[in-house]
Amino acid sequence: MGTVHTILFDLDGTLIDSVDLILRSYRHTLWSHRGAVVPDEIWLEGLGTPLRNQLRAVTDDPEEIERMVVTYRDFNFAHHDEMVRPFPGIIETISELKELGVVLGVVTSKARSGLKRGLNVSGLDRMFDVLVSMDDVERHKPDPEPVLKALEILGASADHTVFVGDSPHDMAAGRSAGVQTAAALWGPFPRATLEPHCPGYWLTAPTDIVALTAP
């Protein structure tokens, strides 16, 4: 692998601190539709994949899934701006990377509307050269298609790209796409969960990202 020219980022749990909001939205949805409390671990297993895919762990009824999606998004959007913030050091790190001339992108399984809202409320809007959301691809992480889509739009080489993420799905998608991977340990997943996916780099804080660009 050569010098890093491009860095792609996952959104939730990597750039923005939104996992508490996600879990609260999940609990609210399950309680509203099933009157039940389901362990957070079930939801965390699917974190980083599209909402409908995650809800299939609860029900295989397409109509119920669509009703749950509405409930989830209504709650999520109602509480979004008060609960979502960038992780400490993220804005400064992204700004430094831009000054260094690194090409930057976001690759997420969230819908484009949620992606843009998360970036806006966190002060990260207009800082990325490409945004790839759930709406832009047919297959989603852990499939490599979203990462490959970002590379295609940017005209970037996989050999000179790192994908920074916090979940096993991020690591799997990046590896399958042929890019270098970096595990963000400030997200909800412990190192032991990510180790089987063999990330190329371990990052303990956002400021560690800049070192990836060193020759």
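**Entry 1**

I began with Arg 24, which counts as partly exposed at 32% relative accessibility. I note that the model is a predicted one. I located Arg 24 in helix 1. Setting aside residues up to four places away in sequence, I found that Arg 24 touches Phe 75, His 79 and Met 83. I then looked up the spacing between Arg 24 and His 79: they are 55 residues apart along the chain, and their C-alpha atoms are separated by 9.6 Å.

**Entry 1. Helix 1 against helix 4**

I next examined how helix 1 (residues 19–34) packs on helix 4 (residues 62–83), and I recorded an angle of about 140 degrees with the axes 9 Å apart. Helix 1 is therefore oblique to helix 4. I also recorded that the crossing of helix 1 past helix 4 is right-handed.

I looked up the residues that meet here. On the side of helix 1 they include Asp 20, Leu 21, Arg 24, His 28 and Ser 32. On the side of helix 4 they include Glu 64, Met 68, Tyr 72, Phe 75 and His 79. Sorted by class, this contact comprises seven nonpolar, nine polar and five charged residues.

In what order do the strands of the open sheet run? I read the order as 5-4-1-6-7-8, for six strands with parallel pairing. Strand 5 (130–132) and strand 8 (201–203) are the edge strands, each pairing on one side only. Neighbouring strands of this sheet are turned by 20 degrees against each other on average, direction ignored.

I then went through individual pairings.

- Strand 1 (residues 6–9) pairs with strand 4 in the parallel sense over four bridges, and Thr 6 has Val 103 in strand 4 as its bridge partner.
- Strand 4 pairs with strand 5 in the parallel sense over three bridges, and Val 107 stands opposite Val 132 in strand 5.
- Strand 6 (residues 161–165) pairs with strand 7 (residues 180–184) in the parallel sense over four bridges, and Phe 163 stands opposite Thr 181 in strand 7.

I also checked the covering of strand 4 (residues 103–107): four of its five residues are buried, and I noted the strand as mostly covered.

**Entry 2. Gly 165**

I turned to Gly 165, which lies in strand 6. Is Gly 165 buried or exposed? I found a relative accessible area of 0%, so Gly 165 is buried. Leaving aside neighbours within four places in sequence, Gly 165 is in contact with Asp 10, Thr 14, Asp 170, Met 171, Ala 182, Ala 183 and Ala 184. I looked up Thr 108 as well: C-alpha to C-alpha, Gly 165 and Thr 108 are 9.7 Å apart in space, while 57 residues apart in sequence.

**Entry 3. Helix 7**

Which residues of helix 7 (residues 145–154) are buried? I listed Glu 145, Pro 146, Val 147, Ala 150 and Leu 151. What do the buried residues of helix 7 pack against? I found strand 1, strand 4, strand 5, strand 6 and helix 8 (168–177).

**Entry 4. Backbone points in the loops**

I kept in mind that most residues other than glycine have a negative phi, and that most peptide bonds are trans. I therefore looked up departures from this pattern.

The peptide bond joining Lys 141 and Pro 142 is cis, with omega of about 15 degrees. I placed Pro 142 in the loop between strand 5 and helix 7.

Arg 126 is not a glycine, yet has a positive phi of about 65 degrees. I located Arg 126 in the loop between helix 6 (112–121) and strand 5. Arg 126 counts as exposed, because its relative accessibility is 82% and the cut-off for exposed is over 50%.

Cys 198 likewise is not a glycine, and its phi is positive at about 50 degrees. I found Cys 198 in the loop between helix 9 (191–194) and strand 8. With a relative accessible area of 55%, Cys 198 is exposed.

Methods:
Residues are numbered from 1 along each chain as its sequence is written. This is a predicted model: local features need pLDDT of at least 70, side-chain atom pairs count only at pLDDT 80 or more; totals for chains, interfaces and linings use all residues. Side-chain values use heavy atoms; hydrogens and water are left out. Two strands pair if DSSP finds at least two bridges between them. Helices (H or I, at least four residues) and strands (E, at least two) are DSSP runs, numbered from the N terminus. Axes are lines fitted to C-alpha atoms, for helices over the stretch in contact, and angles run from 0 to 180 degrees between N-to-C directions. Angles under 35 degrees count as roughly parallel, over 145 as roughly antiparallel, 65 to 115 as roughly perpendicular and the rest as oblique. A crossing is left-handed if the near helix is turned anticlockwise from the far one by less than a right angle, and right-handed if clockwise. Contact means heavy atoms within 4.5 Å. Ala, Val, Leu, Ile, Met, Phe, Trp, Tyr, Cys and Pro count as nonpolar, Asp, Glu, Lys and Arg as charged, and the others, Gly among them, as polar. Buried means under 20% relative accessible area, exposed over 50%, partly exposed in between (1.4 Å probe, protein chains only).
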